[in-house]
Amino acid sequence: MVSPDLIRNVVGIVGNIISFGLFLSPVPIFWRIIKNKNVQNFKADPILVVTINGISLVIEAVYLTIFFLFSDKKNKKKMGVVLATEALFMAAVAVGVLLGAHTHQRRSLIVGILCVIFGTIMYSSPLTIMVVKTKSVEYMPLLLSVVSFLNGLCWTLYALIRFDIFITIPNGLGVLFAIMQLILYAIYYRTTPKKQDKNLELPTVAPIAKDTSIVAPVSNDDDVNGSTASHATINITIEP
């Protein structure tokens, strides 16, 4: 009979692989931002939680840097305030836990509760995009929602094998949030404006110069001054 510990280890390994995929899933988004040199209507909310684990810290920092570089002044200011607040908050938590909680159990409880909160925010952040209002899922990537669902499901199973409430709550809620995102995607996919080729050029017609000749008849008879006149032709070229 297979032991629960072995099953839990296997699920944990799969969970690590899916989590890595979750952190890499926004790569197409940021490639689009770099290519267009503009963040368009993408939001930074899904990438502001940089406290998950070591490797995600580096990946998320790269995402934030790209987003910051191609944001307008308003977005840069907003991101700066949020990141500064996060940094101060994490510093306060670290100092508070080290000085205020003197046992491992109490420190684990405090950090565990914070992980539940931030993990839940991570999963719910794509829902901040106004899909219902705009009736468009252009800026809510399907890949991110699918990988979030798989990641949450895997870690929920992992936590239930050897029950861990701090892993179960955020990932269980993550599954629900991901399902909501997938439902919204299915509802509003058809109403999402299709991309148009910006390089498409309409045919143009070259302007044609108009040559207008004005013929001024003049009498062959002698004019009052005694001079002889003939027909005179004046060429006028009109260009638009």
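How many helices and strands does the chain have, and which residues of the largest nonpolar core touch the most other members?

Modeller: This is a predicted model, where local features need pLDDT of at least 70, side-chain atom pairs count only at pLDDT 80 or more, and totals for chains, interfaces and linings use all residues. Residues are numbered from 1 along each chain as its sequence is written, and side-chain values use heavy atoms, with hydrogens and water left out.

The chain has eight helices and two strands. Helices (H or I, at least four residues) and strands (E, at least two) are DSSP runs, numbered from the N terminus. Along the sequence the pattern reads α-α-α-α-α-α-α-α-β-β.

Now the core. A nonpolar core is a set of buried Ala, Val, Leu, Ile, Met, Phe, Trp, Tyr and Cys residues joined through side-chain atoms within 4.5 Å. Buried means under 20% relative accessible area, exposed over 50%, partly exposed in between (1.4 Å probe, protein chains only). Of the chain's 240 residues, 30% count as buried.

The largest nonpolar core has 26 residues. Phe30, Ile33, Phe42, Phe67, Val131, Val137 and Met140 touch the most other members. At least two core residues come from each of α1 (4-24), α2 (27-36), α3 (54-69), α5 (104-124), α7 (142-161) and α8 (165-188). Helix α3 gives the largest share, five residues. Domain 1 (1-123) and domain 2 (126-192) both contribute residues, so this core lies between them. The domain bounds come from an automatic or database domain assignment.

For contrast, take Ile169 in helix α8. Ile169 is partly exposed, with a relative accessible area of 36%.
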